[in-house]
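Below is a short report on helix packing and domain layout. Look over the model first, then read on.

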Amino acid sequence: MAITFKVVAILFVMIPAYYLMRRVSWWLKQTRFLLYKRKLTQGDIIFLEKYFPFYGRLNPIHKKEFLSKLELILSSKKFVARGGLNEVTNEMEVLISATITMVTFGWKRLRLAHFHTILVYPNTYFSNSNKTYHRGEVNPRFGLIVVSWRCFVEGFLDEKDGVNLGIHEIAHALKLAHLIDSDGEKEFETQAWKAYKKLVPTELENVKSGVNPLFRNAATLNEHEFFAVALENFFERPWEFFNTRPELYQSLVRLLKQDPRVWAKTNE
Ligand SMILES: [Zn+2]
């Protein structure tokens, strides 16, 4: 009986206490980031207007929200130059952080806290883990998002082709953050996540068989890649995605708490 009592005590007291502690720690950091918030300059805002189409299409109220969230993301991430890159420039930091802001725009406060550091390589880089060249990756063990700057920029050059490395890697980080319960943040709503997960096996087959020609083949590798490719299409060509696979699209609207068709406006 005594042992059973101890187990029950652990379940009902220790576990909630642990999550409460994580949440308090998250808020303490949030307060620090807000107090020492990195301010965007007028030049940064003009730069975003010109080079970050998602921002350019928002209405004035949402633009204000976007900038405020972007400042917090910028304040909460550490950027590190790797692989011979001299420095991570201000423009690089703004564009990478703007992509995080876009993907998490549906949440008021989500900042992907677990992924605190962003490594930037100038080009594709050799990874010792699987002895291949990488365009980007996420490393949940060390809280890293890694991008090749050349591939990141290429993703933005054609904003309608459904290929965008930045969105892709941040999608991986978001999905992993949802699975890491101890980051003090709540990513997906349970019901929305269940509804999305239910669709995945069939939708993955639809890409394989050509029923969904919009998603590139990388989506068929596994569920993680499927999610990342789905988000590339969700943001880059929301109308085509909606018209091709409406149920999957709507499940992502619920999951990400935003509908990019609103910003894209026209059915093009
Ligand atoms: Zn991937």
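## Helices H8 and H11

Is the crossing of H8 and H11 left-handed or right-handed? The crossing of this pair is left-handed. A crossing is called left-handed if the near helix is turned anticlockwise from the far one by less than a right angle, and right-handed if clockwise.

The model is predicted: local features need pLDDT of at least 70, side-chain atom pairs count only at pLDDT 80 or more, and totals for chains, interfaces and linings use all residues. Residues are numbered from 1 along each chain as its sequence is written. Helices (H or I, at least four residues) and strands (E, at least two) are DSSP runs, numbered from the N terminus.

H8 spans residues 190–209 and H11 spans residues 246–256. Their packing angle is about 150 degrees, and their axes are 9 Å apart. Axes are lines fitted to C-alpha atoms, for helices over the stretch in contact, and angles run from 0 to 180 degrees between N-to-C directions. H8 and H11 are therefore roughly antiparallel. The classes are: under 35 degrees roughly parallel, over 145 roughly antiparallel, 65 to 115 roughly perpendicular, and the rest oblique.

From H8, the residues Ala192, Trp193, Ala195, Tyr196, Leu199 and Glu203 meet Glu247, Leu248, Ser251, Leu252, Arg254 and Leu255 of H11. Contact here requires C-beta atoms, placed from the backbone, to lie within 7 Å. The H8 and H11 contact holds eight nonpolar, one polar and three charged residues. Ala, Val, Leu, Ile, Met, Phe, Trp, Tyr, Cys and Pro count as nonpolar, Asp, Glu, Lys and Arg as charged, and the others, Gly among them, as polar.

## H5 and its two partners

H5 (residues 90–103) packs with H7 (residues 165–179) at about 55 degrees, with axes 10 Å apart. That angle makes H5 oblique to H7. The crossing of H5 past H7 is right-handed. H5 contributes Ile96, Thr99, Ile100 and Val103, while H7 contributes Gly166, Ile167, Ile170, Ala171 and Leu174. Seven of these contact residues are nonpolar, two are polar and none is charged.

H5 also packs with H2 (residues 42–51), at about 60 degrees and with axes 11 Å apart. H2 and H5 are therefore oblique to each other. Their crossing is right-handed. Asp44, Phe47, Leu48 and Tyr51 of H2 meet Glu91, Val94, Leu95 and Ala98 of H5. That contact has six nonpolar, no polar and two charged residues.

## Two domains

The chain is divided into domain 1 (37–185) and domain 2 (188–268). These bounds come from an automatic or database domain assignment. The C-alpha centres of the two domains lie 20 Å apart.

Across the boundary, 20 residues of domain 1 are in contact with 17 residues of domain 2. On the domain 1 side, H3 (53–57), H5 and H7 each give two or more residues. H7 gives the most, with six residues. By class, the domain 1 side has nine nonpolar, six polar and five charged residues.

## The annotated span

An unreviewed UniProt entry annotates residues 7–28 as "transmembrane region". Such annotations may be inferred rather than shown by experiment. In the model, residues 7–28 are 100% helix and 0% strand, and the end C-alpha atoms lie 31 Å apart.

Notes
Contact = placed C-beta atoms within 7 Å.
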